Amino acid sequence: MNDQVIDHSTQAINVGSKSFAAAAKLFDERTRQSAVMLYAWCRHCDDVIDGQTLGHGQVDGDRSTGEARLAELVDLTERAYAGEPMQDPAFAAFQQVIQRHQIPKAYPLEHLAGFRMDVQGYHYQTFDDTLLYCYRVAGVVGLMMARVMGAEAEATLDRACDLGLAFQLTNIARDIVEDAAIGRVYLPADWLVEAGIPADGVGLLHKRPALALLSARLVDLAEPYYLSASQGLRDLPLRSAWSIATAHGIYRQIGVEMKARGAAAWDSRISTSKAQKLQFLLGGAVLALASRRMQVRPRPDSLWKRPR
């Protein structure tokens, strides 16, 4: 395996997401390499669409430019699956992952369809619309990660998808104001009408109390997906279960703190401290061990169902 590809991927995750980087260290070496390479591809695609570098820099929201960038990403993805040599480090990493773990092409193409929703300025009328976006940009990443960890059973894939949905709902809640500043509003329009918040006024200071209630609603709706995801730990190798349980705890805590801060939630970006990460690292180990004897409950029918 090309050391340059691994180094590039490791740098991407260390800069792009300290939470996921911390959790990824718990994987066995082979799984960790695949996980960071997959992350590098996802990060690269996100950056290409937004005209950023590792999530930093001003977002380029020009639609025609975004469409062209998206078309290039789709083309490179198709070529990676065709076995063509990949010059870009992110796509070279991606190609190794899809070949090693036999990841279905439908997953990364669905992920890119999520970016298309951003490029085209998709209108989110209902919560189901928001969940579709969450599925594409994060749920399918959960599906790909499950394959990286060796999971293939549909029930386990459902739980992995649920964790992606939970993560993205938390992301949306945390980044509502930041996203609104670049013209992206993922909150359902139905909710905004109920709360008396105009679609072009999501970021207004005097709307923060009402916005905090909608953010809390998102956090609450993420909870059953976090719970469902934890039920899939038993089906993963122990070290993988430890890593996922740790990420689960770290990310869920962001939502907990969002609710606690209320209207002040967007005064500064919420993240978990080193002490909290250590706490969830230890808690994740306990939960991973306990999952070996876990009595798994059926996935609730009320949860959003991924396309088959």
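The structure holds zero disulfides, a disulfide being a pair of cysteine sulfur atoms within 2.5 Å. This is a predicted model, in which local features need pLDDT of at least 70 and side-chain atom pairs count only at pLDDT 80 or more, while totals for chains, interfaces and linings use all residues. Residues are numbered from 1 along each chain as its sequence is written, and side-chain values use heavy atoms, with hydrogens and water left out.

**Stop 1**

Select Cys-42 and Cys-45. Cys-42 is in no disulfide, and the nearest cysteine sulfur, that of Cys-45, is 6.8 Å away. Cys-42 has a relative accessible area of 12%, so it counts as buried (buried means under 20% relative accessible area, exposed over 50%, partly exposed in between, with a 1.4 Å probe and protein chains only).

Now select Cys-134 and Cys-161. Cys-134 is in no disulfide either; its nearest cysteine sulfur belongs to Cys-161, 9.9 Å away. Is Cys-134 buried or exposed? Cys-134 is buried, with a relative accessible area of 0%.

**Stop 2: Gln-168**

Helices (H or I, at least four residues) and strands (E, at least two) are DSSP runs, numbered from the N terminus. Which residues does Gln-168 touch, not counting residues up to four places away in sequence? They are Tyr-133, Cys-134, Val-137 and Ala-138, where contact means heavy atoms within 4.5 Å. Gln-168 counts as buried, because its relative accessibility is 13%.

**Stop 3: the whole chain**

Zoom out and colour by secondary structure. The chain has 13 helices and zero strands. Of its 308 residues, 53% count as buried. Among the contacts in the chain with a separation of 6 or more, 72% are between residues 24 or more positions apart. Switch to a surface view: the chain exposes about 14,000 Å², and carbon and sulfur atoms supply 54% of it. Accessible areas come from the Shrake-Rupley method with a 1.4 Å probe; for residues, only the protein chains shown count as cover.

**Stop 4: a loop residue**

Select Gln-102, in the loop between helix H5 (89-101) and H6. Phi of Gln-102 is near 50°, a positive value in a residue other than glycine. With a relative accessible area of 55%, Gln-102 is exposed.

**Stop 5: a cavity and a pocket**

On a 1 Å grid over the protein atoms alone, a cavity is a set of points where a 1.4 Å probe fits but cannot get out, and a pocket is an open set with protein on both sides within 12 Å along at least five of seven lines; lining residues have an atom within 4 Å of a point. Grid points are joined across faces, edges and corners, and a volume is the space filled by probe spheres set on the points.

How many cavities of 30 Å³ or more does the structure hold? It holds one. About 40 Å³ of space lies in the largest cavity. To see its lining, select Ile-172, Ile-176, Asp-179, Arg-184, Val-185, Tyr-186, Leu-187 and Val-202. Six of the lining residues are nonpolar, none polar and two charged (Ala, Val, Leu, Ile, Met, Phe, Trp, Tyr, Cys and Pro count as nonpolar, Asp, Glu, Lys and Arg as charged, and the others, Gly among them, as polar).

Next, find the second largest pocket, with a volume of about 320 Å³. Of its 23 lining residues, Gly-121, Tyr-122, Gly-183, Arg-184 and Val-185 lie nearest its centre. The largest share of this lining, three residues, comes from H6.
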